[in-house]
Amino acid sequence: MREMNSSTIPAAPVNILRHNRSQPPFAPAAHLAARERPPTINRTTPRISSLLVLAAAVGAAIGLSLWIGSTTSSFAELRHALLAPDGQVSDIAIREIRWPRTVTALAAGAALGMAGTLIQGHTRNPIAEPGLLGINQGAALAIVSVAAFTGPQPAWTQALLALGGALLAALVVFGIGRIDGRGGSPITLLLVGAAVTALCAGVVSAIVLLSEAALETLRFWQVGSVVQGYESFLSLWPLLIAGTVLALANARGLNALTLGEDSARSLGITALHARGLGLAAIVALSGLAVTLAGPIAFLGLLVPHIARRIFGADYRWVIPGSALCGALLLCVADVLGRMLARPGELPVGVVIALLGAPFFIYVARRRKAVSV
Amino acid sequence: MSTRAIPKPAQVLRARRAAATGLLLLAVAFAAFCLHLAIGGTPIAIGDVLATLFGAAPDARTELAILEFRLPRSVAAVLAGAGFGVAGALTQNVARNPLASPDILGVTNGAALGAVCVLAISAHTAGRSELLVLYGLPVAATVGGLLVSALVFALVWRSSLESNRLVLVGLGFSGLCAALTSWMLTLGEIYNAQQALTWLAGTINAISWADLAIAPAVIVLGLVAAALLRNQREVLALDSDTSRALGMHLGRDRVLMLGIASLLAIAATVIAGPLAFVALASGHAARLVARGTIPPVPHAALIGAIFVLLADLLAARAFPVILPAGVATAVIGAPYLIFLVIRQSKIRQRG
């Protein structure tokens with residue numbers, strides 16, 4: 001507008017020169033032609049290299065996680081444990097304590113990262129995530145309430161319960177959130193999520209206080225920690241793969257839905273189909289993460305923002321990227337938790353909340369907090 | 001002045017309605033109070049409870065049980081409920097948003113964080129720890145709560161207090177304080193970690209007269225101040241341009257009101273721990289009942305008291321184990337929040 005107006009007033013030549021220094025001022029045809037055909041940018045190479053850098057960072061985090069514990073191992077001990085273990089104390093610490101929790105952190109982090117990206121993409125809401133929307137707490141409640149009455153369950157039963165709880169919570173939250181129009185307004189979703197979280201957390205703590213026998217094993221479900229999920233992971237890894245496949249299969253649909261449901265239809269994507277696929281992936285991934293590590297909030301919030309910053313708007317790249325980011329973040333947070341509270345340790349859910357809550361405040365304060 | 005002399009019928013009706021509902025709430029609150037005193041490990045007949053309250057106890061055992069063991073609990077429930085309820089009403093009043101309340105905005109979590117810091121330190125100071133908890137805990141809770149409320153409001157002050165950004169930023173601070181509290185719990189190696197955890201869930205079990213020292217005074221003063229500031233609250237309920245045009249010092253009145261609200265919520269937290277959703281639900285319910293532009297102070301206080309009394313009764317007596325009252329307020333209050341959210345978005349859709 002300003003450029004057009006300025007061309008009509010006497011001082012026009014100066015302004016034109018200032019605004020379009022690179023273009024000759026009186027050659028509109030060439031100017032338009034240049035606009036119509038933007039130079040093709042190669043986005044694939046930088047994305048592949050970003051993925052490789054992230055993968056390398058995950059590798060480094062695995063190394064750190066094996067290296068740092070309640071006591072820090074020496075490099076020789078690490079090499080000894082990895083290459084030629086013979087049962088000395090440091091071997092046991094590294095192979096049987098640190099390795100399992102590293103794997104658990106990687107799996108839960110990847111799952112939560114992808115679930116967060118899918119939720120933010122489908123709701124177009126930059127402050128949505130499975131922890132804050134109550135989905136994780138719903139899964140935890142399902143596991144805890146059954147465990148309190150019948151004793152601890154095998155991993156697959158727990159996972160199925162978690163999936164059921166996550167699905168129920170997700171249906172409640174998104175169902176109520178939809179009153180505010182498609183996808184729900186950020187605030188409605190978040191408040192209903194907060195209410196569902198409080199409700200489930202209240203019932204969980206009541207159950208934990210009521211069933212004294214199971215108290216110690218159940219306390220785990222209140223904060224989120226990766227100490228004891230390895231056994232479950234050994235039998236649940238197919239669920240992680242299934243969830244990842246579902247998420248990746250949803251990427252094209254999500255890309256189309258970002259343009260609006262009408263445009264998506266013209267691209268041959270049925271909204272209902274894509275949304276259903278997304279919901280299935282979200283439920284599978286967050287149910288798995290909760291079975292492995294308990295209800296962790298804020299991780300699914302942080303990861304999509306980082307992944308979108310790196311990979312742009314194309315979900316075919318953002319989803320694998322957020323899997324790597326989530327794994328990296330949860331693994332590093334677990335290491336930090338071991339370092340911050342020596343000789344004890346801080347549950348990883350607390351570390352993630354310490355990192356994620358300030359970021360949440362930052363996102364919530366920004367002016368255009370509504371669009372993804 | 002002259003408008004007061006010739007009252008409009010609507011105003012009269014509203015005043016009558018407020019008075020009638022207020023009396024009704026008072027009766028319900030008294031009934032809940034007596035019920036709370038009567039139901040316990042061994043039930044005591046309501047008649048005996050009333051007789052003991054008016055100084056004519058049937059026997060010494062009943063007198064001891066009621067006056068020394070049960071009365072502090074019930075009084076604590078009433079005080080905490082009233083404090084939370086009025087704090088919620090004031091905050092909703094100033095922010096002009098029914099979802100803004102001290103528990104959602106992180107004030108109660110900030111107070112809890114301060115209190116847990118003191119509990120963590122007291123584990124390391126052998127000998128003087130009881131004194132530290134008695135005096136240090138209220139001070140630390142006040143510092144924590146005021147700090148969080150100042151931060152939340154400072155971060156959104158410029159945009160507009162009415163925006164939902166206030167609620168979002170508050171939710172963020174709630175999460176942050178909860179995480180810091182868990183960190184404190186592990187750092188302090190608290191010997192009475194179980195005690196700290198129960199306190200964090202919000203409980204009035206095991207309260208004695210000695211625990212009710214400073215905080216009740218703060219709550220009573222806060223209630224009186226809130227009731228006296230009625231005119232300012234009425235004007236703050238108008239939109240900011242109108243109230244500025246009426247010559248209000250908008251900033252000053254808002255800070256004053258939020259300060260009172262925060263102190264009330266903090267004092268209630270010191271007594272009973274961070275009881276979830278009491279402030280949110282009672283502030284809003286008071287406005288529903290009285291149908292005015294602002295939730296009246298007595299209504300909010302009474303509804304808060306009834307809520308906490310009944311929630312504690314449910315949590316402590318309906319299960320084989322005595323549960324903290326906060327569990328019951330969360331389970332009852334969460335659906336109320338959902339109801340509120342649905343209602344608000346329907347209003348917004350209608351325009």
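**Residues 131-149 of chain A are 79% helix and 0% strand, and their end C-alpha atoms sit 25 Å apart.** Here helices (H or I, at least four residues) and strands (E, at least two) are DSSP runs, numbered from the N terminus. What you're looking at is a predicted model, so local features need pLDDT of at least 70 and side-chain atom pairs count only at pLDDT 80 or more, while totals for chains, interfaces and linings use all residues. Residues are numbered from 1 along each chain as its sequence is written, chains are lettered from A and ligands numbered from 1 in the order in which they are written. The span 131-149 is one of those that UniProt, in an unreviewed entry, lists as "transmembrane region" in chain A; 189-210 is also among them. UniProt positions follow the numbering used here, feature names are shortened, and annotations may be inferred rather than shown by experiment. Residues 189-210 of chain A come out at 100% helix and 0% strand, with 31 Å between the end C-alpha atoms. Zooming out for a second, chain A has 17 helices and 0 strands.

**α7(A) has the length a helix should have.** Its 16 residues should span 22 Å at 1.5 Å a residue, and the end C-alpha atoms are 23 Å apart, which agrees. (The expected span is 1.5 Å times one less than the number of residues.) Among the buried residues of α7(A) are A:Ile135, A:Asn136, A:Gln137, A:Leu141 and A:Ala147. Buried means 20 or more other C-beta atoms within 10 Å of a residue's own, exposed means 12 or fewer, and partly exposed is in between, with C-beta atoms placed from the backbone. For context, 49% of the 372 residues in chain A are buried.

**α6(A) bends by about 35° at A:Arg98.** The bend is the angle between axes fitted to the seven residues ending at a position and the seven starting there. A proline, A:Pro100, follows within four residues of that point. Even so, the 35 residues of α6(A) reach 49 Å from first C-alpha to last, close to the 51 Å expected at 1.5 Å a residue. This helix is mostly covered, with 25 of its 35 residues buried.

**Two non-glycine residues with positive phi sit in loops of chain A.** A:Arg124 has a phi of about 50° and lies in the loop between α6 (89-123) and α7 (135-150). It is partly exposed, with 16 other C-beta atoms within 10 Å. A:Phe298 has a phi near 80° and belongs to the loop between α14 (271-293) and α15 (299-311). A:Phe298 counts as buried, with 27 C-beta neighbours inside 10 Å.

**Where chain A meets chain B, 35 residues of chain A contact 34 residues of chain B.** A contact means two C-beta atoms, placed from the backbone, within 7 Å. On the chain A side, α9 (186-210) and α17 (348-365) each supply at least two residues. The biggest contributor there is α9(A), with 15 residues. By type, the chain A side splits into 29 nonpolar, 4 polar and 2 charged residues. Ala, Val, Leu, Ile, Met, Phe, Trp, Tyr, Cys and Pro count as nonpolar, Asp, Glu, Lys and Arg as charged, and the others, Gly among them, as polar.

**The largest nonpolar core has 233 residues, with A:Ala111, A:Ala289, B:Ala80 and B:Val86 touching the most other members.** α9(A) gives the most to this core, with 17 residues. A nonpolar core is a set of buried Ala, Val, Leu, Ile, Met, Phe, Trp, Tyr and Cys residues joined through C-beta atoms within 7 Å. Leaving out residues up to four places away in sequence, A:Ala111 touches A:Leu240, A:Gly243, A:Leu285, A:Leu288 and A:Ala289. Among contacts in chain A between residues at least 6 apart in sequence, 76% join residues at least 24 apart.

**In chain B, B:Ser240 and B:Gly202 are 38 residues apart in sequence and 36 Å apart in space, C-alpha to C-alpha.** B:Ser240 is in helix α11 (residues 240-245). It is partly exposed, with 15 other C-beta atoms within 10 Å. Elsewhere in chain B, residues 206-229 and 297-315 are among the spans annotated "transmembrane region" in UniProt (unreviewed entry). Residues 206-229 of chain B are 58% helix and 0% strand, end C-alpha atoms 35 Å apart. Residues 297-315 of chain B are 100% helix and 0% strand, with 27 Å between the end C-alpha atoms.
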